[in-house]
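Please keep the sequence and the structure in view while reading.

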Amino acid sequence: MNEYDRKIIDNYERLGIAESTKYTLEYLRLGWMFHLLQTHECHHRSKFHSKWVVNMDIDERLVYTGPFNLKHYLRSMPSYIGEISFPTNRVLKTEQVPERFLSYDQLLEDMLFLKYNKTTEISWYNLKGIIRPELVASLFYHWSYFQFEGVRVMSVPRRIGHVRHYRNMNKSALNGNWIENYNGSLTETRLDPSFEKKLVRAVKKRVKYVYDQRIVRCEEIPEWLTSRFRRELLDCKFRYE
């Protein structure tokens, strides 16, 4: 991501909602598999603060359709289960995301879950896992590669949940020509309508809060502050400078 995209991630971090680890040398020295280092760094840290960890990309969404909720389902797992694997379907993403936020009309037009809905069937072609980090020794990309003795991996039935992957069709990207090798049919699928509405509101609210921020103008600062502190400390600019 670029520095403009980083504004959203930085906002989540400032509010204590999320943590991020930045790697700036990806692809430059070690090739595209460099992110395995990042995955394992996150995996080993999570052993000390998380019972379950979802190992998925930013263009993927876990859709839980089982009884109660996902937390309840995870708590029902036997103690020897170190990973539960979910099947996936792919949603055709045919265009690039706009580089910058321009307007709320544009935002609504380009929200992935509203714009793209042509979907493959749910399959095990690319499974994704939720792991118990203290039971797993090593990870591959989206699933555990090696578990400790006595630990088992369980496949989740399609009726319980799946991963919705907004898969790029950019041929210059990794596996960007996947649709050319796909022999199945496509159907129109969407997220749950009530959840979709909540998500639209949440995205608009977050984007407005982050991208509507601007520097404070000197003339907007109360006079008692400007007389007490030097302008360098206030870090402001006049509107017409």
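## Basis of the report

The model is predicted, so local features are given only at pLDDT of at least 70 and side-chain atom pairs only at pLDDT 80 or more, whereas totals for chains, interfaces and linings use all residues. Residues are numbered from 1 along each chain as its sequence is written, and side-chain values use heavy atoms, with hydrogens and water left out.

## Overall form

The protein chain has 8 helices and 10 strands; these are DSSP runs numbered from the N terminus, with helices being H or I of at least four residues and strands E of at least two. Along the principal axes, the C-alpha atoms fill a box of roughly 70 × 45 × 40 Å. The radius of gyration is 22 Å, while a compact globule of 241 residues would have a value near 18 Å. This radius is taken over C-alpha atoms, and the globule rule is 2.2 Å times the number of residues to the power 0.38.

The accessible surface comes to about 16,400 Å², and 55% of this belongs to carbon and sulfur atoms. Such areas come from the Shrake-Rupley method with a 1.4 Å probe; for residues, only the protein chains shown count as cover. Of the 241 residues, 33% count as buried (buried means under 20% relative accessible area, exposed over 50%, partly exposed in between, with a 1.4 Å probe and protein chains only). Among contacts with a separation of 6 or more, 73% join residues 24 or more positions apart, where contact means heavy atoms within 4.5 Å.

## Empty spaces

Rolling a probe the size of a water molecule over the atoms shows where empty space is left. On a 1 Å grid over the protein atoms alone, a cavity is a set of points where a 1.4 Å probe fits but cannot get out, and a pocket is an open set with protein on both sides within 12 Å along at least five of seven lines; lining residues have an atom within 4 Å of a point. Grid points are joined across faces, edges and corners, and a volume is the space filled by probe spheres set on the points.

The search finds 1 cavity of 30 Å³ or more, and the largest cavity has a volume of about 40 Å³. Its lining includes Lys-93, Asp-110 and Tyr-116, and divides into 4 nonpolar, 1 polar and 4 charged residues. For these classes, Ala, Val, Leu, Ile, Met, Phe, Trp, Tyr, Cys and Pro count as nonpolar, Asp, Glu, Lys and Arg as charged, and the others, Gly among them, as polar. The second largest pocket holds about 210 Å³ of space. Of its 13 lining residues, those closest to the centre are Arg-90, Ser-123, Tyr-125, Trp-178 and Tyr-182.

## Single residues

Asn-11 lies in helix α1 (residues 3–14) and is buried, with a relative accessible area of 2%. Beyond four places away in sequence, Asn-11 touches Arg-206, Tyr-209 and Val-210. Asn-89, in strand β3, is also buried, at 5%; its C-alpha is 59 Å from that of Glu-223.

Phe-68 stands in the loop between β2 (60–64) and α3 (70–75) and counts as exposed because its relative accessibility is 68%. Its phi is near 55°, a positive value. Most residues other than glycine have a negative phi.
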